[in-house]
Every structure is written in C-alpha cells, then in structure tokens.
Amino acid sequence: MMEEQSSPGGRHVVTAVVNSCKTFVGPVVRFYGSSPPGAIALALLAIVVTIALFANQIAPYDALHTDFTNLKGSPTVSHPMGTDIVGRDVLSRIIVGTRVSLLVAFVSVAMGVGVGFVWGVSTGFIGGKFDLLGQRLLDVLLSFPSLILALLLMIPLGRGLGTVVLAIAVITVPGAARLVRSTALSVTQMAYVDGARAIGASSKRIIVRHVAPQCFAPMMIIATIDLGGAIFTEATLSFLGMGIPPPNPSWGRMIGASLQGMFTPPWWLVIYPGVAITLTVLCFNLVGDGLRDHLDPRLRGKLD
Amino acid sequence: MQTYVIRRLLLTIPTLFGVTVFIFLIMRVLPGDPLASTGDAQRMIILTEEQTAAARKALGLDRPLYIQYLDWVADILKGDLGYSFFRTEEPIREMLQRRAPVSTQIAFFGVIFSWIIGLPVGIIAAMRRNTLLDYVSRVGVTVGMAVPSFWVALTLIIVTVIFFQWKPPIEVAFIWDDPWKSLQQTVPPAAVFAIGGGALIARMSRATLLEVLNEDYIRTARAKGLMNRAVLWRHAFKNAVLPVITLSGLQLAGILSGMVAVERALGIPGLGFALINAIDQRDWMVIQNLVLLFGVIYVFVNLAVDLAYAWIDPRIRYR
Amino acid sequence: MKKISRIQLTMVAVGVAMLLALAAACTETVEVPGETIVVEKEVIKEVMVPGETVVVKEEVVKTVEVPGETVVKEVVKTVEVPGETVVVEKEIVRTVEVEVPVEKLVVEQVEIVKDIGWTPRAPEPNPKYGGTIRLSAPHRMAHFDFHQGAAAYAGQTNIYNNLVYYNQADGLKTIGPDLAMSWDVADGGTTYTFKLRDGVTWHDGMDFSADDVVATFNRIISPPEGLAITATGLFESVESVEATDPLTVRFNLKNPTPWFIELLASDNYSNPAVIYPKRFMEENNFDLREKVAPGTGPFMLNEIRQDEYWDLDANPNYFVPHLPYADGARLLNVIPFCDRGTAVLTGQADFTWNTCGDVIKIALERPDLDAKYATGDIFFMTRGWNIEKKPFDDVRVRRAFHLAFDRDVWTDIYMAGDGKTYPRTTWVPYYDSANALDRDVVLARPGYRSDKTEDIAEARRLMAEAGYADGVEVEYVISTGTSAAPFAAAMQSMLKENLNVTIKLREVDRHEFGEICNSGDFTLGPAHCGITGVPTVDITPAWNNKFVCGAAGNFTRYCNEEFDDIVAKLNVEQDPAKRYDLFRQAEDLLDADPPILLIGGDQVDPMWWKYFKGMALKEREWGQWGRFETAWLDR
C-alpha cells in the first residue's frame, strides 16, 4: 500500500493511506491488548514481509553474484554475515531467501487451508456418508508424519518451487479440514441454523451466510500456525536436497550445502540461515498463539 | 470403554488399507520410473528398450497394477518386504530390523529427555507464575518450539568434530551388544529432539497445571488447610500431568518427522537415514516399505493416544 | 638455481656419454619430451632384480627452475634387454621442493616384472599381522556386477583378482603378475599369452583355471543377449580369447593396442578388470547383478549391510601365502565427501581414499594422522555441450568458452582457495607423463594460462564473430542435491562476466543423466555428457569412446574427421615418440575445435592414521580405489 505514494493524485492517495492505516491500527491495538507477544511478533513479521517484498532493494549485494576473490570470507563490515564457498554474500542470500520461504509458506498454506476449509465445511455441513468418506480420506493423510508425507510426494513430483508448494499444501489440508469440520458440525447443530432452515433458506445460503463465517476464525488460527510449519517443512526438504532448486537461495538449502560440500563449514554458513528460520517460525507461532487468544476468547489465558 | 476401544481398533483397518493404496498409487501411477536406478549415471549405462522390458518383467512390473498391489500386500502380511532392485544379499526386512532399534531408542530417549527437561520447567513456571523465572522459561519454550532440529544437530556435530574429534558411530550399535557405543549413537539425536519436545511438554504442563490450580477442588483443599506442597502433589499434579502424558504421542510424531533430517545431519544409521538413502538411490521397494512402516507406526501411535485420551477423559468414550 | 660446477659438468658429460653408449646397445631408447628443460644430471644404472630377468635401468634426472621454487622432474624409463620386446613403463613427474637438487634425489625402483620372482608385499620390513582394516568410502551400487557398471568405489574388488595388477608397495608404479604368473607379447603386439598360477581356488572351493578367464573376457567382448557390459568398447581390439591349456590364456588382438596390459591391470572404480568364476556366471545366466560372485582375492565377503558396510574376512587360501596381513576388512559406507575424512579423524576408520581439503589440512597438522595432498586421479573435470544445438553448433562459440573459462577460479572454489596447486591439464591428461605437456608449458598455453585478459578478449571477438556480441542464453543441466549448486553459481557468474552468456539452470535427478546425455536433451550439460573417469592412463581409449564420430559415448555429437584420423593412428601406433607427436597434433586440434568444455584434471586426497601402513599412499602419483591386501596395522 505504501509504495503507491508516487502515483499521481498524491493527496487522494495520502488520504486513502491514512484511512487504511486507521482501519489497520484499530485491530492491531486491540490485538496488542489481548496478546502483547503476538502483536510484537506481528510487527516483526511485518518487517520480515517487507524484507521479502523488497529483497532485491534491501540486499546489499546481488544474491547470485559470486566474488571469486573472497571465497568463504569471514564476516566483515562489508559482508556482515561473511561469504559462502563461491563468494556470495550470505546476508544478501538470507534476505532473498526470505522471499522464497515466505512465498512457499503463504501460497502453500493458502492452498492447503483453502482446500481444507472447503472440505471441512462441506463434510461438516452435509454429513452422512459424504462426511464418513471425507473423514477416512483425512485419516489416510493423517497417517503419515508430515515430513514423511512431504518427502513421499516429492519423489514422483520432482524438485521445484511448484512441487514443494504442492507437497506442503497437501500436508496442510488434513489438519485444517479436521478443525474446520468440527466447527462446522457444531455450528450446523445450532439453533439459528435450524431457524434459518425453518424459514426456508437454501443450503447454499446457510453455508455461505451462517456456517462458513463461523469457521473463519479457527481457519485463520490454524493457517497462521501452519505458516510456521510450512517454513519449517520447506527448510527441511531443501536441507535434504529435495526442495527448492538453485540458484534461488533457500535457507534450508544454504544449511544443506554447507553439510554436503565442506567439512567444518565456516560457522556463518550454518548459523545465520538457522537463525533466520528460527526467528520467522517463532514469529508465526507467536502470532498464531496471539490470534487464538484474540479470536477465541474461550481459550484466552489457557495457553499463554 | 470396551466398545470405544473396539470401535477405534476397527477404524484402523480402513485407514491402514487406505495407507497402502495411497503409497502404492504414489509410487506407481505418478510419473517417475522405478527402473531409473538400474542404469548408472556415472558410467552412462543406458538400457535398451528390450533390456528395460526384460528388467520390468523380471521385477513383475509388467503385470496389472491391482495384481502388483495385491502381491505387495500379501507379501507384507507374510512378513516378506522384498529386496532392493538387483541386490539380493540383504533382504529389506533384515535391514529394517537392524536399523529399527536405533531409531526406536532415539525416539524413546527423546520422549524421556523431553519429560526430564519439560516437566520441571513447566511446573516451576506454573508455581512461580508471572515471575522472572516464568518469563525466562516461556521465552525458552517459545524459542525451543521454533528451532529446527536438523540445524541444532548440524551445529552440534560441527562443534564436537572440531573440538573433540568425536561424532556418533556410523555403524549400527545395539544396546545389548555394546551399550556405550549404542548410547553414543542415540543420545545426541535424542537430546536434539528433547529441545522441541521439552518445550512442548513445558508449555502444556504449565498450562494444565495453571488450569487445575484454578479449579474449585484445589481451592477447597487449600481452604481445608492442606499444605501447599501436599495440595500440589496429591491433587494438582496428578490431574495436570495425565493429559500431558498423551502429548508423548504428538512428540513421537514430531520425532518421526524430524528423524530423517536429524539422522542425515548426524550420520546415524537409523530408519530415517535409510529413507533418505533409498530416495537418493531410487530404491523403490525400500522407499515403499519404509514409508509404510512409518505410516503404520504413526497410525498406532495415534491409536494409543486416542485410547489414552478416552481412558483419562470419559467424555470422549461416549461421543 | 645453483651454478653448475665444473665437476658437475664433467659428470654430466660422462653421463651423456654413457647414455649414448647404452642407447646404442639397446634396441630402442625413448626420447624425453619437452625441450625447455635444463638438464642437470643424468644417471645410468644397472640393477639386478630377483629372478632371471635382467633389467637395465636408466634414469634421467632433470631440474627446471621456476620462480620461487625448484621443480624437479624425474623421468625414469626402463628398457628390458633379454627377449625381443621392449616395454616402456610408466614415467613419473613429481614436483618436489629441493634445496640441494642433486644429492637429495631418490633413485626410484622402477621395473617391469614379468616374473614370478616378484610377489606383492608391504614395502616395510616385518609387517604385523591381524586386525581389521576399516575404510570409509561411499558405496552406492545399484547391483553387484562390476562389468555391468556397478561402481567399485570402496574396495569391493578386494574379493577378486585381475590377470595383472599394479604394485601397491611402490605407489602403483609397476604392473606385476596377479592371477597370471607371467606374460609374453608376440606378433608385433597382437598376441598376448598369459601363464596362470597353479593351485588357485575360488572362495567357494572350486579350482581356478584358464576357462574362467576366457569366460570373463568373452562376456565382455560379446555380451550375452540383454546384458549391457560397460567395457565392451574398451576391449574392441580383442579378436578372441582362448585357453591353450588349463593354465594358459591367449588374447588375439586385431591390432596392436599399446595400453592393453594397463587395461587388464585396471582396478579403478569404473572399470575393474576382475576375473569372475565361469561356473557362477553360468549358474546365474551370466548376469551377476543380484549376487556377489565369489572371487579368488585376498578377502572374502562375509556380510553386506546395505548403506552401512561390507564386512570382509581374510582369505586363508590366498595364493600369496603371506597376504593379506589383516584378519578382515570393513568397508564403511560414508557418502558425503568430507564425512569420509571425519570418519578417519574421529577414529572410526583407518583410512579413506579421498576426502575434502578441509579435513586433509587438519590431518597434515596432526602428528598421528597423515594425508597425501594432490594425488592424481584418472578423472577429468568437464562439462558436456550439445553440438547439435545453438549456440554450440558454432565452433567459434565452443572455442570462446574454452578460452574464457577461468580454470584458476574454478579450482580455487573446488579446493577452497588452494586452486594453484591443482592439476592443470590439456586434453592429454597431466598424469600421463610420457605424453602430457609439462605443467609450465600447459600454463603458458592460451586458455589454460592464469592471465585471462588476452584469452577473454579473443573469446569475446569470437563470440561477436559468431553473432553473439550481445550475449546469449544457455540452458545448463545440473544435478539435484546440494553439492552441484555452488559450482553452477560460479559457472553462471564466470560466463556472464567473461562472455555475457546467461546460464539458465535446469535441475534434474542424477539418475536422469544417462537418459539426458543419450537423448541429447541438453544444451550445456553435466560432466557425464562430457568425460568423467577414464579407464586407462593413456587417454586414447577414452577418446575412442567419447570424441570419435558416432562413438557410443559421444554424447556431445562431436564429429571431426581430422581428429578421427589421428585417433585411428594412435590406436595402433606403438612407437612412443610418434605417439607423442600424434598427441600434440590432437591437442592443438581439440583446442581449436573443442568437443567438450574441458575444465581440468582431478585429484584424490587420501588420508590415513600413521599406524596404517603397507600401502605406500605417499608414493602414489595417481589414485586407485582398489585392493589393499598389503595394508597392515602397526598397533
């Protein structure tokens, strides 16, 4: 939103920006009230997302540029996180890696949770044999530890950005579907849904107007938590050499490359990408916890 | 309770059936040829079409899919997990049997260590709620849950190799043969898993303990004048910890997930390392059976968790 | 360099006179390649060797001064006097820093032994018996048939024997008898007759005979239906193999093949010429992929734990009675490059054939560990390109790539900064000291020299001439996994900077390389589409397989009639001097019209505990990941 300032009609844009800020500020302040760590993490995440969006502008060097005179260079003022075995700036690679990690996380979770949402709402609302079948399918997907399932899917799919997104989306589906279904199930049995049915509302209308909105909050919570999980899974897959193909920098791959190629990888090649993963996952976890407290007051205080 | 157990047990049958079909379909129907491994890229051996056809026939890959599937399931039920493509020197079953103790031990130690670390931290944090100790432990727990286990493992191994010229044994060591070597092999990865697992236990035990401490009966007990410690142990602790026990299931899931990357980082010859090796070598039969093994273990872990929940919380049985 | 004293000059004069005298006496002498060498001292010696054969040994010692260090080049040739054949053995080029060049020179014991009087043994006196030798190396085998392409990475050939074999005790400088006791070459190099050892038994108790040898090589020369034998092309010149009696085997060749003995002695990972038992082959339909065939070798297979180890026991009936010294061997499977070294470092293995420079550096600093930095390897670093695709269809583009590729930088990355010590090679590999140019000559050639300014300017001119002045985009196939990526990045930057070529990466699974190279579905491809390992020190067999028009391994689709003519001559030429000239012609031609992107030679860096002895790993000039029956543990 902020980058639109340069467009003509500046004043109008500024007003719009101020307005949009206002609409944002309110919920954020309320969110801070219910979960201070979550709000701080949200602020940090905003920074991370900004870094991801403007990675190429922020990065001090081209993440793909190799400086052959400075191989495995230790951290200095010009390269605060050192350089890797072909002389690429580690800081720049971590910054650009942010973009890859977040892209994979957001797209795959959006897909996975989206499918899970539709699955959950429909099975929860329709019920009966359809529900039973849906549940058994979920049981199958839930029968694998998530990373094993992702690995299994990566074997025939082959490596690549798209396939990693797809694999992570698939492992995100069952959790989301199950949670949404249970909410949909309880909403469907509530009195006002019966009421709506009684006054002749169509099933479609009931789903869209009554059931789905009620499932929205749990979906948001699980999506935020899954975002952290998705970053973690992507990093692990890339670490194992099954994830994002080069030359795109990926945090997991940066760690994996130091394992494969060189013994005693200089510490900066291992430590910094790991810190980046930890911090980002941490932020998503905290925001997820905060969001749960915020959106689902029954749970408030329970898991702080 | 009995009907619930029976119902829950019966439910695993369609699940396991679904798991086998799912694995089989992924390995056979999606693109990617199981024969890819029989050529040798380094030596540039390229099989002619006749050779490929002959090899497919020898491996039974030319039969209809459903027959291949039934054959596979029948073999599994007989306990025959087959062989790697051309290597018949060591059956897959033997390899899994050999490596399973290592991974089991890692998982077991991982859970134990998590409890040893997590429970005291959780209890102290709950008892000293909103003190500095509580805040520190909560920060630790939050970080512990976010830190990637393979990264910790890699950092650990680099430190031990550089400073102590030590790394875990690269051959399988059984606890009954060579306990010392076996411990060297299983304790480090278990310790790595205990970071995430311990954080989870600490967080949940703190939460449940706080909840229990707010329950009426605790207040009553206190009102009756019972000592603080007695209240804690006799009433609060018991009720708080039982639900957390079921978390071990969740933790096992985390360990099974993390096992591949951690064993790879530490070079430990367990099932996870076997899986990544098999994937690297396109060893289709090993992948297929190993993933199934992971699936079956996971299904039974879930089953155990569900039964434990039902045992602890009677409401679940009648749902 | 020190001034040459009058006495030394006199000695040189005397030496030269003696050499000339000897040269006249011998049926043939060998010219020493390269004229830029300053001759300092030449020694001629007569050495008596156990057994009946008299070997005349001629040693030529030359020193060359390069700024900063003294490089000593020793060229040692052996000429055998009795008998009608003259066999020229290996030559050794070593780079040694010598303070007083003449006094410190070691007289190398180089000999061709064709006599049973020679038996393999450890170079040290009184080796200790017992213990289990533990080797850390990768062993990824899709199956167990070495002749069908199973890679013998990790010492699995200890189970078998060849007909002839390199001497482990002198650092692989000699080829001596193995299952053959002795051999004769007749008919102008087209008939090789091997006398086999008597009383050799297979591990399963069966007797070894000439039939086994014949069956082994017949399977290679004309593979049964459905089998893909990798070495078939290498043995193309063999017309037939026959057993003239139970202990004599005769190879009839279509044409003289100068590297034939070398081929039979080969035990590098890609082409071990091991002998398999005939009966076992017949029982298994000549397909040995599923089961490990019994051998005659120093160790017997005990058990295999997939992806973990191979456990071998000493063969109590080994035909060399005092070998092996160890009671057994354990071949540990360690795949990551540096982990092979850390397995040694952490005391889990006694030695490894090859590990990364970082660990080697640690080993060299420690008193109880040892390593040999930069042992040559009969392995090339290359990349393949598809000559049927743009832009590589234009010879100017290929020449531009050849010129502009910065070999210094590449080896620096490979060696984590130690690239200057790395083997630099032209098309004729550097370890082939009889035929290769000297390192300093190579380093002065366009394309190979360190100063790239002129080469890059020329390369850019060529690119512009070919119509790519504004650059071009090239797709580059690399393998998945974490190790290929950094090199791909280096390739991208280098070509972008030097030639304005944009490299687009396509990551595929290693297992797909075969299909990709064969089908031509690549523009710039991995080394597998060029050259990787070569079967012999002599490069000609590899050229036959890789560069000749329409050859089976010619994945780049290279076709140059002039080059094919040279190779055809090399295939039959036995005169070393003429071979040397032919190699020079081929080299110039390939530089002008490169069939692949040649990066350089490769090296292996073995590392071992000091108590691990008997292998003379320090003496090795090139690497071989083969048998280690002479190894013993001093503890």
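Start at the A–B interface: select the 38 residues of chain B that are in contact with 34 residues of chain A (contact means C-beta atoms, placed from the backbone, within 7 Å). You are looking at a predicted model, where local features need pLDDT of at least 70, side-chain atom pairs count only at pLDDT 80 or more, and totals for chains, interfaces and linings use all residues. Residues are numbered from 1 along each chain as its sequence is written, while chains are lettered from A and ligands numbered from 1 in the order in which they are written.

The largest share, seven residues, belongs to α10(B). By type, this side of chain B holds 29 nonpolar, seven polar and two charged residues.

Now show α11 (residues 267–295) of chain A together with α5(B): their axes, lines fitted to C-alpha atoms over the stretch in contact, come within 8 Å and cross at roughly 115°, on an angle scale from 0 to 180 degrees between N-to-C directions. To see the contact, pick Thr278(A), Val281(A), Leu282(A), Asn285(A) and Leu286(A) on α11(A), then Thr142(B), Val143(B), Met145(B) and Ala146(B) on α5(B). Six of these residues are nonpolar, three polar and none charged.

Finally, centre on Leu290(B), which, leaving aside its neighbours within four places in sequence, is in contact with Leu96(B), Leu271(B), Ala274(B), Leu275(B) and Ala278(B).

Definitions and conventions
Two residues are in contact if their C-beta atoms, placed from the backbone, lie within 7 Å. Helices (H or I, at least four residues) and strands (E, at least two) are DSSP runs, numbered from the N terminus. Ala, Val, Leu, Ile, Met, Phe, Trp, Tyr, Cys and Pro count as nonpolar, Asp, Glu, Lys and Arg as charged, and the others, Gly among them, as polar.
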